[in-house]
Amino acid sequence: MAQLWGGRFTKETDKLVYNFNASISFDQKFYKQDIMGSRAHVKMLAKQGILTEEERDQILEGLDGILKDVENGTLEITSEYEDIHSFVEANLIDRIGDPGKKLHTGRSRNDQVALDMKLYVRDEIDEIDGELKELLTELLSLMSDNVETYMPGFTHLQKAQPVTLAHHIGAYFEMFRRDRERMADIRKRMNLCPLGAGALAGTTYPLDREYTARLLGFDGPTRNSMDSVSDRDYVIELLSALSTIMMHLSRFSEEIILWNSNEYGFVEIDDAYSTGSSIMPQKKNPDIAELLRGKTGRVYGALMSILTIMKGIPLAYNKDMQEDKELTFDAIDTVKGCLRLFAGMISTMEFRKEVMEASAKKGFTNATDAADYLVNHGVPFRDAHGIVGRLVLLCIDRGISLDELPLEEYQKISPVFEEDIYDAVSMKTCVEKRETYGAPGPDVMKKVIAVNREYLEKN
């Protein structure tokens, strides 16, 4: 078919070049946003007297018909068209004739695609925010149910101090809450309308850009027409935020993979989120958690690609920027799918509470509390540290925990120990004594849960 830009050219574009240049295969995702932007543009043109009210109504009716027919499947978006803008405009002209040729007045494909991309990204940010909120709701439920579920906390992948499952999951609640805040920040900063910037230098038509921006839910028009058509900062920020979301999902998935292993045995992943081995009948593999971990690299790749694409582009628009679409679409779809799967996986996962508590005991996570016991009985901390170190060596040699070591053995190393040492090093006491804000103690943990619940109710 004839191209919208064909007047300057005297020969047909090579078919291979045409296909290489075309974007219809992926920017057809924009059809709703493209029609929405065109509707606002036409209303503004009529308001400014550039189109008659009759022409406006004809065009709006034609656009509504195209949208309806695409959505009900009677109108197919095909590779006959170079891009989604060409598809909409060509079909509009076919339907309403000459008034359809006025749709593009005062507009370039440069500011049009910039608008479509912003509208699409804005919609997707809202959807991702919804997925993050669903995940946070599930995490909060797990926190509420596990304020007294004891487990080892780790540093360097070594058992360190006793915490609770609520406290451990609460760390991820904070991560995903920050992810929501990042997405909201990006949405706010990008919410300026590029329509009316033209190809790069605006237009001689008396456009009302503030009016168009209001119609489309933007905070106002962009302030520089060259930046309007060449800005992809918001795409880079989005992909960076999506990469951070995936990093958080990957970290949690890695822990679930470890916890699911025979060596840990902390969790049992539901059959719906596991697979078996084709040769080893005993296997139950955490494939979904592993795929979530693996797909993180896919989203990172999109971020690195767009950074590389944009680094050498002079002002204003260049065709290189067309490459942002597939990368961004894929990253968005990947993150949304991963968030849904992860929320489903943890909501059906069984936590083996007894195994987790036993692991905390056997890992001497209460050793610091044994040292604190001595300090509270007048022993200098450095001496207390050495005494407890000797106790731990003795327990390791005998294959027992500090809870199981007889009192006489304690007193052989330090006569300061009394019967109350067993209460001091119990998991319950070790956790309950940690009551500073942000610690795993049950009273303060309940306060944090209340704060988190209020946050989700308000946001």
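**Entry 1: Lys-361 and its partner**

I looked up Lys-361 and found this residue partly exposed, with a relative accessible area of 29%. The model is predicted, and I keep that in mind for every entry. Which side chain does Lys-361 meet in a salt bridge? The partner is Glu-357, at 3.9 Å from N to O. I note that this separation is inside the cut-off, because a salt bridge needs the nitrogen within 4 Å of a carboxyl oxygen. Glu-357 is partly exposed, with a relative accessibility of 26%. Both residues sit in helix H13 (residues 353–362), four residues apart, which is about one turn of the helix.

I then followed salt bridges that share partners, and they join Glu-82, Asp-83 and Arg-109 into one network. Arg-109 turned up again when I looked at helix packing, among the residues of H6 that make the contact with H5. Helix H5 (residues 84–96) packs against helix H6 (residues 109–145) at an angle of about 110°, and their axes are 11 Å apart. H5 and H6 are therefore roughly perpendicular to each other. On the H5 side I listed Ile-84, His-85 and Ser-86; on the H6 side, Arg-109, Gln-112, Val-113 and Asp-116.

I took the count of salt bridges, and it comes to 31. I picked out Arg-39 with Asp-64, where the closest N and O atoms are 2.7 Å apart. This pair links distant parts of the chain: Arg-39 belongs to helix H3 (residues 31–47) and Asp-64 to helix H4 (residues 53–72), 25 residues apart. Arg-39 is partly exposed at 23% relative accessibility, and Asp-64 is partly exposed at 36%.

I also looked up Asp-324, which forms a salt bridge with Arg-232; the closest N and O atoms are 2.9 Å apart. Asp-324 lies in helix H12 and Arg-232 in the loop between helix H9 (225–230) and helix H10 (233–260), so the pair ties together parts that are 92 residues apart in sequence. Are these two residues buried or exposed? Asp-324 is buried, with a relative accessible area of 0%. Arg-232 is buried too, with 1%.

I went on to Leu-242, found in helix H10. Leu-242 counts as buried at 0% relative accessibility. Leaving aside neighbours within four places in sequence, I noted contacts to Ile-128, Met-183, Val-299, Ala-331, Ile-332 and Val-335. Thr-334 is 92 residues away from Leu-242 along the chain, and their C-alpha atoms are separated by 9.4 Å.

Ser-253 also has its place in helix H10. Ser-253 is buried, with a relative accessible area of 0%. What does Ser-253 contact, leaving aside its neighbours within four places in sequence? I found Ala-289, Leu-292 and Phe-342.

**Entry 2: Gly-106**

I looked up Gly-106 in the loop between H5 and H6. Gly-106 has 9% relative accessibility and counts as buried, because the cut-off for buried is under 20%. Not counting residues up to four places away in sequence, Gly-106 touches His-41, Thr-203, Tyr-205 and Leu-207. Gly-198 is 92 residues from Gly-106 in sequence, and the pair is 6.9 Å apart in space, C-alpha to C-alpha.

I found Leu-315 in the loop between helix H11 (287–310) and helix H12 (324–347). Leu-315 counts as exposed, at 62% relative accessibility. Together with Leu-200 and Met-226, Leu-315 forms a nonpolar patch on the surface, with about 270 Å² of accessible area for the three together. The peptide bond from Leu-315 to Ala-316 is cis, with omega near 5°. Ala-316 lies in the loop between H11 and H12.

**Entry 3: positive phi values**

Last, I checked two residues other than glycine for positive phi. Leu-157 has phi near 60°. Leu-157 is found in the loop between strand E1 (150–155) and strand E2 (158–164), and counts as exposed at 55% relative accessibility. Phe-364 has phi near 55°. Phe-364 has its place in the loop between H13 and helix H14 (367–376), and counts as buried at 13% relative accessibility.

Note on methods. Residues are numbered from 1 along each chain as its sequence is written. This is a predicted model: local features need pLDDT of at least 70, side-chain atom pairs count only at pLDDT 80 or more; totals for chains, interfaces and linings use all residues. Side-chain values use heavy atoms; hydrogens and water are left out. Patches are made of residues with over 30% relative accessible area and no salt bridge: like charges are joined within 9 Å, nonpolar side chains (Val, Leu, Ile, Met, Phe, Trp, Tyr) within 5 Å. Accessible areas come from the Shrake-Rupley method with a 1.4 Å probe; for residues, only the protein chains shown count as cover. Buried means under 20% relative accessible area, exposed over 50%, partly exposed in between (1.4 Å probe, protein chains only). Axes are lines fitted to C-alpha atoms, for helices over the stretch in contact, and angles run from 0 to 180 degrees between N-to-C directions. Angles under 35 degrees count as roughly parallel, over 145 as roughly antiparallel, 65 to 115 as roughly perpendicular and the rest as oblique. Contact means heavy atoms within 4.5 Å.
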